[in-house]
Amino acid sequence: MATQQTRSLARFMMAPSVVLLFVWMIVPLVITLWFSFQQYNPLNPIRDGFVGFSNYALFYSNPAFLQSILNTLVLVGSVLLITVIGGILLALLIDQPMWGQGIVRILVISPFFVMPPVAALVWKNMIMHPQYGVFADIARFLGAQPIDWFGQHPMMAIIIIVAWQWLPFATLILLTALQSLDGEQKEAAEMDGAGFVSRFIYLTLPHMSRAITVVILIQTIFLLSVYAEILVTTNGGPGYASTNLPFLVYQKALLEFKIGQASAGGVIAVILANIVAFFAMRAVGKNLDK
Amino acid sequence: MARAVTTQHKVIATGAAWIVALLIFFPILYTIITSFKSEQEAIQGFALIPSGTFESYTEVQAQSGYFKFFFNSVLLSVGSTILALIVAVPAAWSMAFSPGKRTKDILMWMLSTKMMPAVAVLFPIYLIFRDTGLLDSRIGLMVMLMLINLPIVIWMLYTYFREIPGEILEAARMDGATLWGEIAYVLTPMAVPGIASTMLLNIILAWNEAFWTIRLTTTEAAPLTAFISSFSSPQGLFWAKLSAASTLAIAPILIMGWFSQKQLVRGLTFGAVK
């Protein structure tokens, strides 16, 4: 139905976005790729130029590298596990008939709107601080020794903080999916004598499966690049105990000025993200056809 | 729903849900409470009733000039959102109303740019900003935030625009409306709610963006994310001040967020869950 004129006008209207995003994606990526094969340190005037894959080899042989990959995966995996299971349970709970459901929803969703540095600092100082935190107060009240969270269990502390930030997101989306479940179906199942558990397994869970997929995929994108939470709490330490891949790249680039190695790390991060993106795009794309 | 709900069931559900909700909300609540304590009070152990002093707030403003950061946050989040809308509305519009063969591919490609990890391009962006004098400039960061959120903005607008029935367009066309006429008189009034919710969500995302806003600013353009990060190394007694600063940093967006729950689901799932 579109005429030739509207066609070309449509293209004209789309051009700015396409051009901007194309430049935004390609230019920095090409520069990163270029630097990943160069020896370059802005503090050191000597430039050896092209060095082949040695930056990748250096980055790879750095013991921090494997640790950071492992930390990245542990962080993503644990937070996904906590938020998806917790989110399903919370969504089921909030979906029950109750008084003040609106307020409960508001309270539960709130952490999502807290900017990452605030979330991390509040947990670090108000909740987990070994002397003045609420956890320490509780431990002392119970007669136990307060835990030095960021010294002894840095990864667990960060996982708790990040899970707290993302649990609301999972809950809200799963709740939205849950509430679109047909009430009559539920009733029919109930009348046929299906108990809560079998109703959940055969009716609710399949209904929520797409929402669960979406939650996993979207969270993975964001969780792969957790940064501010680590910066303001452990700064990657002790040692490299809580350094993830983004944080390691940041350290190499802006603290150690090892641009070549940082770029190699960046390229690895891109590859990692692309593997995830591949699955994410397929899931979202399928939905578009509907 | 015609199911009979026993009062007992409802009481249990209400109790359980409120307990869990308050536990989740507790860190925020306790921060707000502590912000009304004095520094001495703040370290004296667990207490839910503050003395109600405002000294931390006045001190935060006096010491670090909270309002400058607040102003930057507002400017950056609103400015980048408006920039994004200017670019995105026409694009989403044309994709929703005169889709071509490649529209779907273009949309998917746009989304894929969102998947690029920021660290991968940290140094190139840093170089470009440094060499063009954009480091620590509001306009540079505004463009940056616009680019980061542009795919989400286009997607959200697209899903809203797609729901506007095409028949209305055809009717307008038959009545002799030009494309610009259609946009101005027929579609815009129908699209305003979608644009408004896109705007709301995008302001929230831009406000909370905590990678580029920290790394590309020092003093002039630094928003609240950078301001708060300066508290990461403790300076003596600072619990009450940290609480006051945190409360100030999250309050505006928390309130906005409460009003945007529905849009949030839709925007962040790219229309997959409504």
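**Exercise 1.** Among contacts in chain A between residues at least 6 apart in sequence, what percentage joins residues at least 24 apart?

*Solution.* Keep in mind throughout that this is a predicted model. Begin with the elements of chain A, which has 13 helices and two strands. Then take the contacts between residues at least 6 apart in sequence, and ask for those whose partners are at least 24 apart; these make up 69%.

**Exercise 2.** Describe the side of chain B that touches chain A, by element and by residue class.

*Solution.* Start with the contact itself, in which 82 residues of chain B meet 86 residues of chain A. On the chain B side, helix α1 (residues 7-34) of chain B gives the largest share, with 16 residues. Sorted by class, that side of chain B has 63 nonpolar, 16 polar and three charged residues.

**Exercise 3.** Decide whether helix α8 (residues 166-174) of chain B lies largely in the open, and say why.

*Solution.* A buried residue needs 20 or more other C-beta atoms within 10 Å of its own. Of the nine residues of helix α8 of chain B, the number that are buried is zero, so this helix lies largely in the open. After α8(B) comes G176(B), with a positive phi near 95 degrees.

Methods: Residues numbered from 1 in each chain as written. Chains lettered and ligands numbered in written order. Predicted model: local features only at pLDDT ≥ 70, side-chain atom pairs only at ≥ 80, totals over all residues. Helix = DSSP H or I, 4+ residues; strand = E, 2+ residues; numbered from the N terminus. Contact = placed C-beta atoms within 7 Å. Nonpolar A, V, L, I, M, F, W, Y, C, P; charged D, E, K, R; others polar. Buried ≥ 20, exposed ≤ 12 C-beta atoms within 10 Å, placed from the backbone.
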